[in-house]
2 protein chains.
Amino acid sequence: MSSENHQVRLAERPVGLPGPEVWQHTTEAVPEPGEGRFVVRISHISLDPAMRGWMNAGRSYVPPVEIGEVMRALAAGEVVASAHQDFAVGDVVSGTFGVQDYAESDGRGVQKITPTADVPIETYLAVLGMTGMTAYFGLFDVGALREGETVVVSGAAGAVGSVVGQLAKLKGCRVVGIAGGPEKCAWITDELGFDAAIDYRAEDVKKALRAAAPDGVDVYFDNVGGEILDIALTRIRRGARVVICGSISNYNATEVPPGPKNYMSLLVNRARMEGFVVFDFVDRYAEAGRAMAGWLAEGRLHSREDVVDGSVDDFGDVLLRLFRGENTGKLVLRLAR
Amino acid sequence: MSSENHQVRLAERPVGLPGPEVWQHTTEAVPEPGEGRFVVRISHISLDPAMRGWMNAGRSYVPPVEIGEVMRALAAGEVVASAHQDFAVGDVVSGTFGVQDYAESDGRGVQKITPTADVPIETYLAVLGMTGMTAYFGLFDVGALREGETVVVSGAAGAVGSVVGQLAKLKGCRVVGIAGGPEKCAWITDELGFDAAIDYRAEDVKKALRAAAPDGVDVYFDNVGGEILDIALTRIRRGARVVICGSISNYNATEVPPGPKNYMSLLVNRARMEGFVVFDFVDRYAEAGRAMAGWLAEGRLHSREDVVDGSVDDFGDVLLRLFRGENTGKLVLRLAR
């Protein structure tokens, strides 16, 4: 066990895309667990669009990361020292451990996980982690999905979007994914079974959506916001549900981006637009986890992780890949030692 | 019975505020009722913000009024000739009779009404008509109002808004109304019992809303759209419902107005924004009508009609009063003969 804990802290609040100046790299001694606590050696760090919001000051669904604080991150690793009765050395766990080599924890919000050759640790940050929970509750509960409906998802080759589309297919829906670039579009149709893909970088999304969902859209699951949300609003059907999961196209804007100018389509179509935060469903994570694990084992659900090997010092660069749309599936930083 | 039927037809589709050029005034013979039909002499015409939408081309919740067609309008009057077994001469009725002196009808969508000295015919176009139904179902069903919540309504001195606020008070809610000008604000607080009024013409709405609803807003009932919707979104509470009933501030815009840029507040607050069309609740009009009539009779609900005396030729001018915010309560054109 190394004696150094490399950490990435928030040095300043970013304006626009977070460049290297917003990160402070610190090195501390590896903590010793206090009574009722344990220490995790982190092996995998989850990169999530929501991180950009956590870096901003102000009221949101979680407090902001403070200046000087270790950057908040979901992560997984192995318990290497423990003074906690429920966690033993050797346990593999996931939790909000932050961007660092080692984290001390009191066990709150920590899950024990059981990676195998078929279901590696990174999958517990993807389909079997918050990503999967977000897709599951966002689609089934907030989206109130019914069999046979038409579902459109943006960010469709991203971590959440790729799961949303697969879950909708499992429920017998017609699924259209919107993604950037031919490789992503091929992946969601050829490998994940989406009925259609729209390449927003190459196609007229409005025309393509009309062609791909000629009878309109029952559930639009939005990860991107911006113009694509506005186009989707023109295509919703009566009683549609627009699920607001994220708006990655806006997160790095330096001025307040415009809102969805077609929102009155909600009136014309007696539709609703609803936001959610996955943490609210914590009491049902076990239910969703069992369902997802079952579908994974049956080969009916695929988890793809875009794993980048590096150190915590690479975190800032890897995060930018997310905002540039360079990842396919779940972006994970695997810490090499 | 006069032998002339003066009518107002849509001559062209308006751009911006509908000026006199969009109306065509025609005179026809008073119709004779065909078999299974009857003729109504119209005495009262309802003026509604939704009319502006009906004048636009394109898909909406009802077909547009076609060029050359009599302008669509809810109205009330007396049956003066009948070949319909369910409607007799002398019956007083309300229905979508259009902007004209006389209408022929087959009875579909027509209600018989029973005006009295206390509840005059215009009230059947207001609290006891579509206006009241819109407030009732929008607030109770779409807004899913619960006792003790904080309700904010825009267009609060308008036909629907003034009823929404009163209904919320009946359910023990704290009610804040947003209206234009000191007279309207005084009316909703002093006479209708709203807890607070914000004069959007004179006050900083954001500050005033923070002061009037310091703990946030559970239901925001929106009749106006635009900047006020955006401000309300910054003040919603967790689990809030934003009811989209209209957006009168946008109806006469000549360019597509901006959308609500603060819509991500729906995510942060796990809230929903939902539109509706009152016609979907037709099966429950009787239920709502009984409730509203009961509250009216008990003096717990007040209907205020802003009655303008004139002829159908005045319709265009009276409609502009609505879009200039000059009415208080329900704007009705009463036809003098």
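This is a predicted model: local features need pLDDT of at least 70, side-chain atom pairs count only at pLDDT 80 or more; totals for chains, interfaces and linings use all residues.

Visitor: What area do chain A and chain B bury between them?

Guide: The size of an interface is often given as the accessible area lost when the parts come together. Buried area is taken here as the accessible area (1.4 Å probe) that two parts lose on being put together, summed over both. For chain A and chain B the value is about 2,700 Å², with 60% of it on carbon and sulfur atoms. Tyr263(A), Leu267(A) and Arg270(A) supply 24% of the area that chain A buries against chain B, more than any other three residues.

Visitor: What makes the pair Arg238(A) and Asp280(B) a salt bridge?

Guide: The term requires a side-chain nitrogen of Lys or Arg within 4 Å of a carboxyl oxygen of Asp or Glu. In this pair the closest N and O atoms are 2.7 Å apart, and therefore the pair meets the cut-off of 4 Å. The rule finds 4 salt bridges across the interface of chain A and chain B.

Visitor: Why is Lys184(A) called buried?

Guide: Buried means under 20% relative accessible area, exposed means over 50%, and partly exposed is in between (1.4 Å probe, protein chains only). Lys184(A) has a relative accessible area of 13%, so it is buried. This lysine lies in helix H4 (residues 182-191) of chain A; helices (H or I, at least four residues) and strands (E, at least two) are DSSP runs, numbered from the N terminus. Leaving out residues up to four places away in sequence, Lys184(A) touches Ala157(A), Ala179(A), Gly325(A), Glu326(A), Asn327(A) and Thr328(A).

Visitor: What makes Val80(A) buried?

Guide: Val80(A), whose place is in strand E4 (residues 75-82) of chain A, has a relative accessible area of 18%, and therefore counts as buried.

Visitor: How is chain A divided into domains?

Guide: The bounds come from an automatic or database domain assignment, which gives domain 1 (4-126 + 304-335) and domain 2 (130-279) of chain A. The contact takes 22 residues from domain 1 of chain A and 15 residues from domain 2 of chain A. The area buried between these two domains is about 1,400 Å², of which carbon and sulfur atoms give 62%. Across their interface the rule finds 0 salt bridges.

Visitor: Which atoms bring Ser105(B) and Gly107(B) together?

Guide: The backbone nitrogen of Gly107(B) lies 2.8 Å from a polar atom of the side chain of Ser105(B). Ser105(B) itself is in strand E6 (residues 102-105) of chain B, and at 7% relative accessibility this serine counts as buried. Leaving aside neighbours within four places in sequence, Ser105(B) is in contact with Gly36(B), Arg37(B), Phe38(B), Phe97(B) and Val110(B).

Visitor: How do you know which residues of helix H5 of chain B share a side?

Guide: In H5(B) (residues 205-212), Val205(B), Ala208(B), Leu209(B) and Ala212(B) are buried. They cover an arc of only 100 degrees around the axis, which puts them on the same side of H5(B), the arc being that of the directions from the helix axis to the C-beta atoms. On the other side of H5(B), Lys207(B) and Ala211(B) are exposed. What covers the buried residues of H5(B) includes helix H6 (226-233) of chain B.

Visitor: Why is H6(B) described as largely enclosed?

Guide: Of the 8 residues of H6(B), 6 are buried, so this helix is largely enclosed by the rest of the structure. The buried residues of H6(B) are Ile228(B), Leu229(B), Asp230(B), Ile231(B), Ala232(B) and Leu233(B).

Methods. Residues are numbered from 1 along each chain as its sequence is written. Chains are lettered from A and ligands numbered from 1 in the order in which they are written. Side-chain values use heavy atoms; hydrogens and water are left out. Contact means heavy atoms within 4.5 Å. A polar contact is a pair of N or O atoms within 3.5 Å; within protein, one must be able to donate a hydrogen and the other to accept it, and residues adjacent in sequence count only if both atoms are side-chain atoms.
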